Structure formats: structure tokens, C-alpha cells
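Subject: Structure handover

Hello,

Here is the structure I promised to pass on. Please open it first, then read my notes below.

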Amino acid sequence: MAEELAKTANHSTTEDTALRRATDMPLLRIEGVTKRFGNFTAVNALSLDVRAGEFFALLGPSGCGKTTLLRMLAGFETPDEGRVLLAGRDIAQVMPHERPVNMMFQNYALFPHLSVRDNIAFGLRRAGMARGEIATRVAEMVALVKLEGLEKRKPDQLSGGQRQRVALARSLARRPQVLLLDEPLAALDKKLRESTQAELMELQRRLGMTFIIVTHDQEEAMTMASRIGVMDAGRLAQVATPRDLYEAPASRWVAEFVGDVNLFEGQVISREQGRLKVTTREAGIITVAEPHQPVTKEIVTVAIRPEKIKLSRRGLASAVDALQAINRFEGEVAEINYLGGLTAYRIRLDNGAVVRSVMANTARLDVDGYGSSERVAAWFAPDDGVVLEQ
Amino acid sequence: MARTVNRLSRFNMTALALGLAFLYLPIVILVIFSFNASRLVNVWGGWSLRWYIEFFNDRAMLQAAWMSLRVAAVSATLATLLGTLAAIGLARGERFAGRALFSGMLYSPLVMPEVISGLSLLLLFVALNAERGFWTVTIAHTTLTMCFVTVVVQSRLTSLDRSLEEAAMDLGCNPVKAFLMVTLPLIIPAIVAAWMLAFTLSLDDLVIASFTTGPGSATLPIRIYSEVRLGVKPEINAICTLFIALITVLIVLASFASKLSSSQGESAAPL
Amino acid sequence: MSTRRIFARPARYAAIAPYLWMALFFLVPFGIVVKISLSQTAIAQPPYTPVFELGEGWEAFKAAFEQLSLDNFRLLVSDNLYILSYLRSLVVAVTSTLILLVIGYPIAYGMARLPQRWQGIAMILVIVPFWTSFLIRIYAWINILQHDGLLNRILLALHLVSEPVAWLSTDTAMYIGIVYSYLPFMILPLYATLAKMDRALLEAAEDLGASPLKAFWLVTFPLSLPGVGAGILLCFIPIVGEFVIPDLLAGSNSLMIGQTLWLEFFTNKDWPVASAVAIALLVLLVPPLVLYDRLQRRQVEGGR
């Protein structure tokens, strides 16, 4: 059984892709999957499609169910409800060793008693591959992850980065239809993590394989993934491209979870010419562009990313003042945090509210920086505000 | 201030040194006197191997030693097999009917006074009308020592990273194969240590063997015990020294084995 | 189903053989002891009136059940011999456990304060004697304590005594033997708690003005209490049932309960009474065992 699957997995990229294109079926379809542990519902009626060749990231805070979902795809947990369709076949109840998917573990789970070569060959041997073929494939994998010369080492004789590569090679060796990666870079230091991210993306593109990665690090998800599913309390809060996730969050929760944000809650008082006027407690009346989907609720939240809130010195360029008359608030600089490439300001508005603004430090000399307690005007364009109904 | 700290640590050192001296001196004295040429146990008459020769000519003693070694080897092997299986059941079996009884049965003998274990097993053998001798002692020792094996192997199994077994399954092993190919090689040092423990416990036991053995098949501790009751004999010193040497060799071998396996396996594999 | 459950089924099959083994060689014998403790002495071999024959069915079982008697236990309560040995076991166990604590604590403390790499060696040094036969360890002391033994020679040479002291067959000899044999059992749990204690706690105590001794008494000692408890119970429980050490080293005028059991069984051939003594001994051990179990559990939970 396992052997057959491994063999089909080898051809999957050509034949199956054609088949799928014909039926327009995603490679992986998760349908209403629920998983409970006692009273705790880890994954709650979750549905998701992942297309072949995607680099998909499951992002969420710890305990949101992302790892449980990944483990269900690997077969280490069985869903209580729902279906998991891989290339059209329901694999929800299939044992892990009979699935054409492989997993790269968070702690790598390298077999400490086996050499690098034997670790990589482990899955191939189980699939009953011929000896010569195994040797070729192992050599190919070793070259792929640049571990030449270390084949005979044991895991405890490797550095963290090298171990990570062995784990990757081992899980790729069987050419799975889907590669699952559970926090694959969490154990690496920052520098190594960044270079490894680039390598993983390059590898995925080259192999044309489907990767599903679980991470709690949004920067990592944004950098690598073509699409991100943000999970919260066992459900998908939003599935979108990194850009949409940031610029068009679907909910207040997503807006706050991904990146930094200023939120203003208020009541819609008018809509005209594609503009929405909202009266807020913190910032008075603000004007934002009406979203594509018409707003149905009266009470909404307006989200503005800090870098979209611009600052200007009071009294300067009064000609522009007219332009900026909407969404313009006066206040004084309450806090300055110099972060290298950026400087983050907290502005206390005259009506008491605090807004955050981030400005790029485009010049080496601090010429347009603002001083502490300096009077400033903070403003943003109507297009930069996002209206959230939940 | 610094002086008080120093004085404290001098106190520590003294306590430690005295403690270790207390633990080792009697054994060292025993070993030295086993090489005494004099018949008088406490009068030094020069170095000699006389009492070792005496032992190797003492048929009854040799027979008892042979019996003890056989019992220890067979019971340790049986106990390691059964105890490892029990440890697997407890560490990987999750909840099952009768689990509490099972672990209770395995943990009670660890603290049960030997007189009770010995008595109860003898009563069983009498009830079964079994001929008492090699096999009854072996069974009794297997029963006692497999509990120790279970504890040792179970603690290793529970400390093992479960994701290794998951990785094995992910790469195409069914559960049994995953256990044999990944888990078993990693717990071998613990199993070896457990065998050693079982072996020495069996060699050491006097009380349970006294209850469960039959006429004509005394173990070495039973022989030594009956000799000791009659007084100190230099020959006993020689036997004890050989005994200690055997155990020392076994310990060295085991720690060597665990070091060997830890260099190719996980580093944390305590004896 | 999860991985745990996938593994559970074959693991349970593995447990079948040891389960049956323990049922046959632990549970059944234990039942027989209970049964015989409730039956009457007979001169026959085996020296007790037969237990029920399994072949005779329920009626025989009922008849046998009616024959059960508490006579043996009544004897235990009425005869001074048993009560005295019961009490002596308790006294010996309590006394030697206290001596062990007093001797073992400084040693464990000294070990815990050693540099890290010496700690492992010290621990091995404490464990190794445990691997040598315990009969040998007692025998080693007989060598030293006998009439013309090393101890008397040293004492005579130093003119501390004028004539050899009779050490053997005294309680002193027995206590030396017990302390010697059980010292590792006291040291190891104490060391375990002392070694994992954060040294910064002591520094904090001294920083806040406690003298080293005060810091020890106010910080180290209270925090080592779980280890003290474990050490006490690990020594107390087996010492209560001890047979060989009192038999070889103590005098024969008062017996510990293990010796009484041995005597009833091997010398008096009174199996029912021996069984009753065994049950009584077990009853004595139940409270410390329960205590130990609780302590272990709390340790496990506290560690999380």
C-alpha cells in the first residue's frame, strides 16, 4: 500500500496535475473538519482549499489549532468530523504511514541512532525502493540541501542549521504530494532563519511542490507564503495573500494580530460619493473610502496602519492644509522610539486619544524628525482607512 | 564573610569524605583480608591466594555459586523480556482495563518486604505441588526483578521524544515497525542497565531464595549466610572479593556499553 | 484517533504476557497468604488444613469459607511475642531512620555543593556500594566488629578500652549494619532535591542579611523537605521488614517482625501464623506507603 502510494507520488506532478486541472479540483480540500480534545475544541468546522504548487502558511497565536490541523493532515490526529480530500481521495482515516504526505517536525525528530544518510534513506527503504535507486535519491537530496560530506555524521554531530537541512531532506526524499512543515525555522537564530527562508522558497519553486507551513511568526509567513490562513480559536479568521491580509484585514482581530494598527470605533453618519463619514469617540469625524462590499452595520471600526498616518508641522504649508482638512488631527508628540530604519511616534491628540505613526528614516541626519512635546498635525488619506464590521 | 563560607564548605568536604570512607572502608578491609595468609581472620600473615584456592576446591560452595549464576542469568533474561514488555504496555498502552491493577502488581514488589514475597511464592509452589529447586528460585527472582526492569525501561520510554515515533510513521512505518526500528534502538542502553540490575539483584538475594529453593540446591548467598552464622571464615572473604570483582566488571561493561550507544545515539542515556 | 491511540493497541498486546505472569506469581500467591492466615494449623505436610479444592465447585468453596477463622490474628494480639516484635520493628525502624537522616543530610549537602562535574562522580561513588551484595556488606562489618576484629584492636591500641568490647549480637552492631546498608537510600533523594535547588536563593537570603547558617535553616532546609520525606520513607519502609541484618548482627533476645515470620515459618513450621504475621506486617506498612505515594505524586505535579 505504502509502496504504491510512494510510486504514485513520484508521478503526481505530471499526471495528477493534468487530471486536477480538468476537474478544477484543488490538491487538498479540507471540509468541515472538527477536532476535540475532551471539552476543548482545537479545530472547529474548518474548511480550506490548497492548490497544487502553493506555499501555504497557517498563522496564528499558540493554541489556535494550527498545529492540530497540520497533524490531522499528517495523520497523527484523526478528525472527529469532516473530510480531508487529497487529490480527490478522503484520507481523514488513513494511517500516517499510508499517506503520500510527509512532515518536517518542529524539533526535526531526527533519529539519533542513524547517520545523516540513513535518516534520509529511512522513508525510501520503507517504500521498498531498490538499493541503487535509494543511493541515487539520497545523493540527490544531500546535494539539494547542500550537506555533501556530512552523510556519515550522526545528528548530534551536526549544527542546528545542518540538522534542519537533514530534516528537510528526509521529508522531501519520498517526494510527497504535500510537504507539511511544523515551525521549521523556530529553532534557528535570526540571521540563519532569514537565509533559510529564502532557500526554502527557492526550493519550493524549483520542485513545484505544495508546502503547508505552520508558524506563529507573521514576518516568516508574510515572507515565504503565497497565501496565508490566519487561525483563531480553531477557525480560519481569514485566508488571503500576505498583501491583502495586511492591507485589507477581514476583521478587527486580524487587523490587530497582523502588524500594528490604530483602531477607531464609531458610528456611520453618512455615505456619499464613495465616502463614508464615521463619528468616533477618540478622533471625532473621520472620512474613509467605502469598501467594495457595502457596509451594513451602523457601528464600525476604522483601522489605519501606523505608517499610513503622516505627520506634519503645524502652520507649515498652509496651502496643503485645505487638502488635508479631512482626517486631520492636532496634538503633540508624546513618545519617540527610534528603531533604526523607522521611527515610531505616539501622538497625544488634543481630544485625548493616542495614535501611532511610523516614519521611515530616509536621511541619515535627523532633519525632519519631530521632537518630544512638539505640536504636530497627524493625518491620513481616506483610502488608507479600512472599515471593519466585526 | 568569606571565611564563614569557607568554613562551611570545609564542613561539607569533611562530611563527604567521612561518608565515603564509611561506605568503602569495610569493603576495602574485607578485600585486603581475603589475601591474608593467616588462618586467623584478623591477624595479618602476609599476602596469599590461599583462600581463593580453598574456595576453588570447595565443591559445595562452587555448586552454590554455579547455581546462583545460572539463576541470575536465566531470571535476569526472563525478567528483562517480561519487564520490557510491561514497560511498553504502561508507557504506550494509554488507558486500558486493569491498568491500575497491572501497575499496582508491578510496583508493590519494589517495596514489599522480602519475607512476604518469599513466603507467598513458596505457598504457591506448595499449592501447585511444584518441585522446589532451580526453577522455583528462578521464577521467584524473575517476578521480583522484572518490576525493577519495568521501572527502569518505563522511565526511559516516557522520557523519549514521541515525535521520533511519529516521524517513523510519517516515513512509512506501521506502529510495530516504528517501535522496532526507532524506539527499541534508543532504549537498548536502558534495557542493558535493567538486565544488569536484575542480574545483581538475583545474585544478591538471600531471603526469597531461602523460601523458594529446595533441599540440595542452595544459592551462594544461602551458603554464605549459613557459614557466616557460624562465624567469620577467610574463605568467605575470598568469595566476597570475587563477587565484588564480578559486579565491578559488569558495571564497567555496562557503562562502557551505554557510552558506546550514547555516542551513536542520544547523549542522555543514564545507566 | 491519534498517534497515541495508534500505538496503544500493540502496546497493550505486549503487556499480556507480563500481566499473566504477575497475576500468577504475585496476585495468586498473595491470595494464598491471606487464605492461609485464616486457616488452622495442622501437623500435616504442608502444615495447614487444606484450602478449598478448585474441582469441588461452589459448595466446597462455601464450606471452606465457613472454616475460615481469625484465630491466628487473635493469637497475634494476645501473645506478647508478636506485639513485642511488632513494637521492636517500629522502634528500630524509627531510630535507624533518624540516625540515617542525621548522617545522610550533611553528606548529601556536601555532594550538592561540589563543582558540577564532581557531583556525578560523587553520586556514582555513593551508588556503587549498593551494587555489591548486601550480605557481603553485612559480612564486612562482622569482620570488623567481631571479638578480635579491627575495631577492638584499634580501641585497645589507643587504650580507649582495656579489654575487647562485645560488639556483635548487640543493637549497636545492628544499627551500624542498617545505617551502612541504607545510607545510599537516604542520600540519593536528599541529594536530588538539594542539587536542583537554585544557589541564587541562598545568595538572595544572604544578600537580604541572613548569615549562612540562618540562610541554610530558613531557605535550604525547608526547600529540601520533600527530599527529607522521600529519604525517610525509602529507609523506613524496608527497614521495618528487615530480616538479615538483625539476624546476623543483633542479639537473639528480641526479634523484629521479619525475624518472627522467619522463625514461625522455618523453625515452628506454623504456616498459618507466619501468614498472619505477614499480613500484619503489610498492614503496618500501609500508612507510610500511602504517604510515599502522595509525596511522589506531589513531586510529579510540582515539577510541571
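A:Gly385 touches A:Val288, A:Val302, A:Ala303, A:Ile304 and A:Phe380, leaving aside residues up to four places away in sequence. Bear in mind that this is a predicted model. A:Gly385 sits in the loop between β19 (375–379) and β20 (386–388) of chain A. Is A:Gly385 buried or exposed? Its relative accessible area is 7%. The cut-off for buried is under 20%, so A:Gly385 is buried. For a sense of distance, take A:Ala198. A:Gly385 and A:Ala198 are 187 residues apart in sequence. In space their C-alpha atoms are 32 Å apart.

Now a loop in chain B. B:Ser217 lies between α9 (207–212) and α10 (220–230) of that chain. B:Ser217 has 13% relative accessibility, so it counts as buried. What does B:Ser217 touch, not counting residues up to four places away in sequence? The list is B:Met67, B:Arg132, B:Gly133 and B:Phe134.

Next, chain C on its own. Chain C has 14 helices and 0 strands. Along the sequence, its pattern is therefore α-α-α-α-α-α-α-α-α-α-α-α-α-α. Chain C has 304 residues, and 50% of them count as buried. Look too at its contacts with a separation of 6 or more. Residues 24 or more positions apart account for 74% of those in chain C.

On to the interface of chains B and C. Here 87 residues of chain B are in contact with 83 residues of chain C. The area buried between chain B and chain C is about 7800 Å². Carbon and sulfur atoms give 81% of that area. The count of salt bridges between chain B and chain C is 2. One salt bridge joins C:Arg4 to B:Glu94, with the closest N and O atoms 3.3 Å apart. There are also 13 residue pairs in polar contact between chain B and chain C, both residues being at pLDDT 80 or more. Which helix gives the largest share of the side of chain B that touches chain C? It is α1 (residues 2–34) of chain B, with 16 residues. By class, that side of chain B has 64 nonpolar, 14 polar and 9 charged residues.

Then the interface of chains A and C. The contact takes 8 residues from chain A and 4 residues from chain C. The area buried between chain A and chain C is about 450 Å², and carbon and sulfur atoms give 51% of it. A:Phe76, A:Thr78 and A:Met95 supply 65% of the area that chain A buries against chain C. That is more than any other three residues. The residues on the side of chain A that touches chain C divide into 3 nonpolar, 2 polar and 3 charged.

Last, the nonpolar cores. The largest has 214 residues. Those with the most contacts inside it are A:Phe111, A:Leu180, A:Ile212, B:Phe102, B:Val115, B:Phe211 and C:Met174. Take B:Phe102 as an example. Leaving aside residues up to four places away in sequence, B:Phe102 touches B:Ala86, B:Leu90, B:Phe96, C:Ala15, C:Pro18 and C:Tyr19.

Best wishes

Conventions
Residues are numbered from 1 along each chain as its sequence is written. Chains are lettered from A and ligands numbered from 1 in the order in which they are written. This is a predicted model: local features need pLDDT of at least 70, side-chain atom pairs count only at pLDDT 80 or more; totals for chains, interfaces and linings use all residues. Side-chain values use heavy atoms; hydrogens and water are left out. Helices (H or I, at least four residues) and strands (E, at least two) are DSSP runs, numbered from the N terminus. Buried means under 20% relative accessible area, exposed over 50%, partly exposed in between (1.4 Å probe, protein chains only). Contact means heavy atoms within 4.5 Å. Buried area is the accessible area (1.4 Å probe) that two parts lose on being put together, summed over both. Ala, Val, Leu, Ile, Met, Phe, Trp, Tyr, Cys and Pro count as nonpolar, Asp, Glu, Lys and Arg as charged, and the others, Gly among them, as polar. A nonpolar core is a set of buried Ala, Val, Leu, Ile, Met, Phe, Trp, Tyr and Cys residues joined through side-chain atoms within 4.5 Å. A salt bridge is a side-chain nitrogen of Lys or Arg within 4 Å of a carboxyl oxygen of Asp or Glu. A polar contact is a pair of N or O atoms within 3.5 Å; within protein, one must be able to donate a hydrogen and the other to accept it, and residues adjacent in sequence count only if both atoms are side-chain atoms.
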